[in-house]
Amino acid sequence: MGRLRSADAWAVGILFSRTGVTSVIENSQFNGALLAIEEINEAGGIHGRPIEPICYDPASVVSRYGELAERLLAEDGVNVIFGCYMSSTRKEVLPIIERRNALFFYPTLYEGFEYSANVIYSGAVPNQNSVPLASYLLENYGGRFYFVGSDYIYPRESNRVMRNILRQGGGEVVGERYVSLEAGAEEFASVLGEIEALAPDAIFSTVVGTGTVNFYRAYLKATNVHKRAPIASLTTNEAEVAEMGAEAAAGHITAAPYFRNIKSAANSRFLERYHKRFGTVDTVTSCCEAAYFQVHLFANALRLTGCMDTDHLREALRGAEFDAPQGRVKIDPDNNHTYLHSRIAKLDEQGEFVVELEVRRPIKPDPYLVVPALNDWNFRLTPMKQGLGN
Amino acid sequence: MATSNIIRDVRALRVLVLHPQDTHAEELLQQIRRIGCRAEASWPLPGSLPAGVDVVFVEVKETMPKGLDTLFGGETQDRPTLIGVAGYENPSVLQNLLELKVDAVVTKPLRPYGVLSSIVMARRIWQEFRAVDKQIAQLKDKVQNIQKVSQAKFILMRLHQITEEEAYKIIRSQAMAKRTTTAEIAQAIINADGILGNISTKKIIYENNDNANKATGYDEVDS
């Protein structure tokens, strides 16, 4: 990406790590954002002016996110930034965004308990993914759970939520372990030993980054494929599955708003364009989709305002809807989070996610839900009709 | 104290915001509702608090409006959790925060961050004070009862020329027989002694009472 700016372009900042531990998923988000920008530009831009992305690579180093956000706002003069995967990196960017009253788009699921007027959140919060996943696992696999996660804020809070829901459903957590972000085979060896000894019904994994691939591979090596408990996750995605291989992935479960093989006109169009641009759809994930539709939501808002002023854009964004690849989404004017779909998918022998259950309507985001209720009718899942998408 | 319940129960709280209608109040109300509490606003200050309010956010300035004193000036026992909304951090405002005995403070300009933490911390402090108040009341009661029983014991010892232990046994067996507390029986003995004493020569009784007081070591005789 060049730093040369055409005078009449709408400049936006892009802050995803192209290298480092979270680069697999952040590259996927980067591609999603870029694809949307190119689509908009090909269609003539906004009011005749193209959107120009100014991209930096924080290299998965937490403090770099803050520094580069500052640079985007102060030196490059942008007012809108798309970026971040881990909560810790979002927390670096947040004060800088607020101080300069800029607008920040965060296309990643996270643990909730945050609201900033300067952020548009388009990933799932626990009421949109944890609750449906817990009810699915309790119903299909049993009540004994083992938790394993990367050691930072999201896994810990996510596990707290999960523990609460499981207790309501009569389940129990038999073990809980946290590993480093770069965890490799050695670090997972003791975790796997514990899993073997405890023989849980399901493993709830909030391992993110390169640790994910290492964990699924190590689990494959350590266990009998036919007898093992499934690993259930909110983050494990198509890009990581492509890396770990179909054998390591088969039988495991992910809950997310979007999966690649959703059958809808919007998704087909999205995948076709993605393939044309990047030569593969292996790297399409739910976070990629979130980054993609966020850019479109932003562009639609910009079309209305005709200016980059934060207050105007925010007004235009609140309540805005878009036909995303996952289905219709809407920014909740109450909390700047997004109404999202909720789906549970299982990986088949080919390493493809097969959506087994989904909620009928997008779920309203509830970022401050302390104790989600397992039996909330909002989260009721309906089985997928064979061969039919939404 | 079950502090984990404070977090769990946050969304069941009914919150009242006493603040002039402006962007601060609006921001605060929105954040409280985002958190998931029931929130309402009232301004100017109401004459009394609506029933069932658990938490009150109240604007605190360098001057204390009269209404505020009527609302929160009295005993803190039956008061909802109080969180001050301060525009300035100068000594006059701080003094008023102290006088109102607020449980927590949020400062203006109001930001969404911190509102939840303030509610949680304020609830903890509020709960702790309620628990301490209750404990103090219980201890006061206990001390008074011990006082009564020992006074009654000395009355019995004097009248029947018996030992302290025997006197206590009488009080206890009376309490058991009448299915009441030793303190109740002790009170009855003290009352009876007062009345009977008044019927006979007053002068002697006064002296006796004085002696009894000296003997128990307590100055106050509540009969």
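Is B:Arg179 buried or exposed, and what count of other C-beta atoms within 10 Å decides this? B:Arg179 is exposed, because 7 other C-beta atoms lie within 10 Å; a residue is called buried if 20 or more other C-beta atoms lie within 10 Å of its own, exposed if 12 or fewer, and partly exposed in between, with C-beta atoms placed from the backbone. This is a predicted model, in which local features need pLDDT of at least 70 and side-chain atom pairs count only at pLDDT 80 or more, while totals for chains, interfaces and linings use all residues. Residues are numbered from 1 along each chain as its sequence is written, and chains are lettered from A and ligands numbered from 1 in the order in which they are written.

**Backbone features**

B:Arg179 has a positive phi of about 50 degrees although it is not a glycine, and this residue lies in the loop between helix H6 (164-177) and helix H7 (182-199) of chain B. Helices (H or I, at least four residues) and strands (E, at least two) are DSSP runs, numbered from the N terminus. In chain A, A:Ser60 is likewise a residue other than glycine with a positive phi, near 60 degrees, and is placed in the loop between S2 and H2; A:Ser60 counts as buried because 23 C-beta neighbours fall inside 10 Å. Chain B also has a cis peptide bond from B:Trp43 to B:Pro44, with omega near 0 degrees, where B:Pro44 sits in the loop between strand S2 (38-41) and strand S3 (55-60). Another cis peptide bond joins B:Lys108 and B:Pro109, with B:Pro109 in the loop between strand S5 (104-107) and helix H5 (115-160) of chain B.

**Chain B as a whole**

The secondary structure of chain B comprises eight helices and five strands, which follow the pattern α-β-α-β-β-α-β-α-β-α-α-α-α along the sequence. Of its 223 residues, 26% are buried.

**Sheets and helices of chain A**

An open sheet in chain A is formed by five strands in the order S2-S1-S3-S4-S5, with parallel pairing. Strand S2 (51-56) and strand S5 (119-121) of chain A stand at the edges, each with a single partner strand, so one side of each has no neighbour in the sheet. Neighbouring strands of this sheet are turned by 25 degrees against each other on average, direction ignored. H1(A) packs on the sheet, touching strand S1 (10-15), S2 and strand S3 (80-83), and its direction makes about 160 degrees with that of S2(A); axes are lines fitted to C-alpha atoms, for helices over the stretch in contact, and angles run from 0 to 180 degrees between N-to-C directions. Helix H2 (residues 62-74) of chain A also packs on the sheet, touching S1, S2 and S3, with its direction at about 175 degrees to that of S1(A).

Strand S8 (residues 202-206) of chain A is mostly covered, five of its five residues being buried. A:Ala202, A:Phe204 and A:Thr206 point one way from S8(A), and A:Ile203 and A:Ser205 the other way. The table gives strand pairings of chain A, where two strands pair if DSSP finds at least two bridges between them.

| Strands | Bridges | Sense |
|---|---|---|
| S4(A) and S5(A) | three bridges | parallel |
| S6(A) and S8(A) | five bridges | parallel |
| S8(A) and S9(A) | three bridges | parallel |

Among the facing residues, A:Tyr106 stands opposite A:Tyr121 in S5(A), A:Phe204 in S8(A) is the bridge partner of A:Phe147, and A:Ile203 stands opposite A:Ile231 in S9(A).

**Contacts**

A:Asn27 lies in helix H1 (residues 23-42) of chain A and is buried, with 20 other C-beta atoms within 10 Å. A:Asn27 and A:Thr283 are 256 residues apart in sequence and 8.2 Å apart in space, C-alpha to C-alpha. Between the chains, eight residues of chain A are in contact with nine residues of chain B, two residues being in contact if their C-beta atoms, placed from the backbone, lie within 7 Å.
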